[in-house]
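This report covers charged pairs, a surface patch and a pocket. The structure is shown first.

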Amino acid sequence: DIRYLVLENACGKPAPKSRAVFFDLGCTKYSDGKAPRPGSIEYDYARGSGAGPSIPLFYNMFRGHCIEFDDIFAWEGIEYSPSAWWAPVPVE
């Protein structure tokens with residue numbers, strides 16, 4: 001259950017937008033083929049855990065609070081080929 005996470009809410013804040021950078025240490029692959037796409041309302045935060053792809057999960061959580069990342073820096077201990085890791089990542 002990750003509903004306890006408290007995120008800043010930038011919705012309705014006046015410009016200029018603050019720079020948003022996300023660091024993920026242990027990101028796994030972007031998608032395990034089961035995770036909803038970013039922006040989807042299909043995420044169930046009550047069942048969230050550290051066992052699946054975290055980038056789409058946190059991207060969606062922060063986006064719901066009007067925070068879109070300028071940069072995402074991710075690290076994973078398991079080696080993946082770049083083409084295998086990047087294949088499921090959406091252009092957005």
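K17 has a relative accessibility of 54%, and because exposed means over 50%, K17 counts as exposed. The model is a predicted one, and the values below are computed from it.

**Salt bridges**

Side chains of opposite charge can pair when their charged atoms come close. In this model the count comes to four salt bridges. One of them joins the side chains of K17 and D70, at 3.1 Å from N to O. K17 sits in the segment before strand 1, while D70 sits in the loop between helix 1 (54-63) and strand 2 (71-75), so this pair ties together parts that are 53 residues apart in sequence. D70 is partly exposed, at 39% relative accessibility.

A second pair is D71 with R19, whose side chains meet at 2.4 Å, N to O. Here D71 belongs to strand 2 and R19 to the segment before strand 1, so the bridge links parts 52 residues apart in sequence. R19 is exposed, with a relative accessible area of 60%, whereas D71 is partly exposed at 26%.

E68 and R63 also form a salt bridge, at 3.6 Å from N to O. Both partners are partly exposed: E68 has 38% relative accessibility and R63 has 31%.

Three of these bridges are set out below.

| Salt bridge | N to O |
|---|---|
| K17 and D70 | 3.1 Å |
| D71 and R19 | 2.4 Å |
| E68 and R63 | 3.6 Å |

**Nonpolar surface patch**

V21, F23 and F73 make up a nonpolar patch on the surface, and together they have about 310 Å² of accessible area. V21 is placed in strand 1, which covers residues 21-25. V21 is partly exposed at 33% relative accessibility. Patch residues need over 30% relative accessible area, so V21 passes that cut-off.

**Largest pocket**

Rolling a probe the size of a water molecule over the atoms shows where empty space is left. The largest pocket has a volume of about 510 Å³. Its lining holds 24 residues, and those closest to the centre are I55, I72, A74, W85 and W86. Helix 1, strand 2 and helix 2 (82-86) are the elements that give two or more residues to this lining.

Which element gives the most to the lining of the largest pocket? Strand 2 does, with five residues. By residue class, the lining of the largest pocket divides into 17 nonpolar, six charged and one polar.

Conventions:
Residues numbered from 1 in each chain as written. Predicted model: local features only at pLDDT ≥ 70, side-chain atom pairs only at ≥ 80, totals over all residues. Heavy atoms only, no water. Patch = residues over 30% accessible without salt bridge, like charges linked within 9 Å, V, L, I, M, F, W, Y side chains within 5 Å. Areas by Shrake-Rupley, 256 points an atom, 1.4 Å probe, with all protein chains shown as cover. Helix = DSSP H or I, 4+ residues; strand = E, 2+ residues; numbered from the N terminus. Buried < 20%, exposed > 50% of the residue type's maximum accessible area, 1.4 Å probe, protein only. 1 Å grid on protein atoms, 1.4 Å probe; cavity = no way out; pocket = protein on both sides within 12 Å on 5 of 7 lines; lining within 4 Å. Points joined across faces, edges and corners; volume = space filled by probe spheres on them. Nonpolar A, V, L, I, M, F, W, Y, C, P; charged D, E, K, R; others polar.
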